[in-house]
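I opened this model to look up how its parts pack against one another, and I kept notes as I went. The entries follow the order in which I looked.

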Amino acid sequence: MQQGNKVDSHTVLYGVIGDPIRHSKSPLMMNRAFKETGINGIYTAFHIVPDQLANFIAGVRAMGIRGVNVTIPHKLDVMHHLDHIDDSALAIGAVNTIVNDGGRLTGYNTDGIGYVRSLKEEIEPDLAGKRVVILGAGGAARGIIYGLIQEKVDQIAVANRTAERASKLAGDFSNQADVYAGDWDKIAQLCAGADLVINTTSVGMFPHIEGTPIDASWLREETIASDLIYNPLETRFLREARERGCRAHGGLGMFIYQGAYAFEYWTGTDAPAAAMRSCVLEALRGN
Ligand code: NAP
């Protein structure tokens, strides 16, 4: 018998914080996970502005909120308020998941491992030896690079409109693997030599769906095109790559699995990923 979401005196509280936050699909997805697994939890969205972050964290301790997801703009600043940071979150330099063990708060980052799990399950199980081009050098790119290094890819070129950010990002990981900053003006050549091209920029995201970061004719047919954006589900970049014959990988799976890992850290229970996916898909399609 499923008992999740039946709020009573034993219900455990979870949530996501961000500014803005009302667009988030996480509450729908995570409450579906509690319902499916019969765990007595409830997950809600908190609009936390930056100068309320410390108060919110005090509230997490005081109220015994078991788990929190963290999104823009708090992923870096929240680290100062936690008792312990997991190694992966330290290497990435950002936290997107907090686990509260009786008042002791630990920060994790599930974005990169969520991305890699999605890519391996949906498109390509073996990433070892692949040559990767990452377009963009923002917060999401950091987690992706960390996740790909764990998979022993051959090399990662980071190209960004603002070159200094690409150099800084590549420099932060270059002692762990062959990660270097590529020239934004020479993306065509970089893409021609890549097995996997990942768009981590916001170009092509709703409502500006006509945008695309590259010309798909720069890709080889064997190349995997991957986009972190999941609204729209298929960006122009992915559609044009697919029409060229490439395998295309959208951002929905990353969103599902970053949430699935958080759910597993909090509850110790396997996340019902298929149900979580269908719930988010329904919401994105406006059903
Ligand atoms: P961010 O830190 O703000 O970084 C944005 C990146 O996009 C920067 O590299 C920026 O370049 C680049 N960019 C923005 N506009 C551009 C333009 N017109 N031309 C070229 N480059 C442009 O954002 P983020 O948190 O990394 O997120 C990036 C994308 O990933 C967003 O679309 C987000 O929705 C998606 N995302 C998806 C998931 C998921 O679960 N699927 C998770 C996290 C993020 P500059 O440095 O030059 O400004």
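I began with a pair of helices, and noted that the crossing of H1 and H9 is right-handed, a crossing being left-handed if the near helix is turned anticlockwise from the far one by less than a right angle, and right-handed if clockwise. Helices here are DSSP runs of H or I with at least four residues, and strands are E runs of at least two, numbered from the N terminus.

Before going further I recorded that this is a predicted model, in which local features need pLDDT of at least 70 and side-chain atom pairs count only at pLDDT 80 or more, while totals for chains, interfaces and linings use all residues. Residues are numbered from 1 along each chain as its sequence is written, and side-chain values use heavy atoms, with hydrogens and water left out.

I then looked up the geometry of the pair: the axes of H1 (residues 26-37) and H9 (residues 252-267) come within 11 Å and cross at roughly 50 degrees, where axes are lines fitted to C-alpha atoms, for helices over the stretch in contact, and angles run from 0 to 180 degrees between N-to-C directions. H1 and H9 are therefore oblique to each other, since angles under 35 degrees count as roughly parallel, over 145 as roughly antiparallel, 65 to 115 as roughly perpendicular and the rest as oblique. Among the residues that meet are Met-29, Met-30 and Phe-34 in H1, and Phe-255, Phe-263 and Trp-266 in H9.

Next I turned to the domains, whose bounds come from an automatic or database domain assignment: domain 1 is 12-109 + 254-285 and domain 2 is 112-250. Their C-alpha centres lie 25 Å apart, and the contact (heavy atoms within 4.5 Å) takes 15 residues from domain 1 and 17 residues from domain 2.

Which residues touch the most other members of the largest nonpolar core? Of its 29 residues, I found Tyr-115, Ile-134, Ile-145, Leu-148, Ile-156, Val-158 and Ile-198 in that position, a nonpolar core being a set of buried Ala, Val, Leu, Ile, Met, Phe, Trp, Tyr and Cys residues joined through side-chain atoms within 4.5 Å. H5 gives the most to this core, with six residues.

Last, I checked H5 itself: nine of its 12 residues are buried, so H5 is largely enclosed by the rest of the structure; buried means under 20% relative accessible area, exposed over 50%, and partly exposed in between (1.4 Å probe, protein chains only). Just after H5, Lys-152 takes a positive phi of about 60 degrees.
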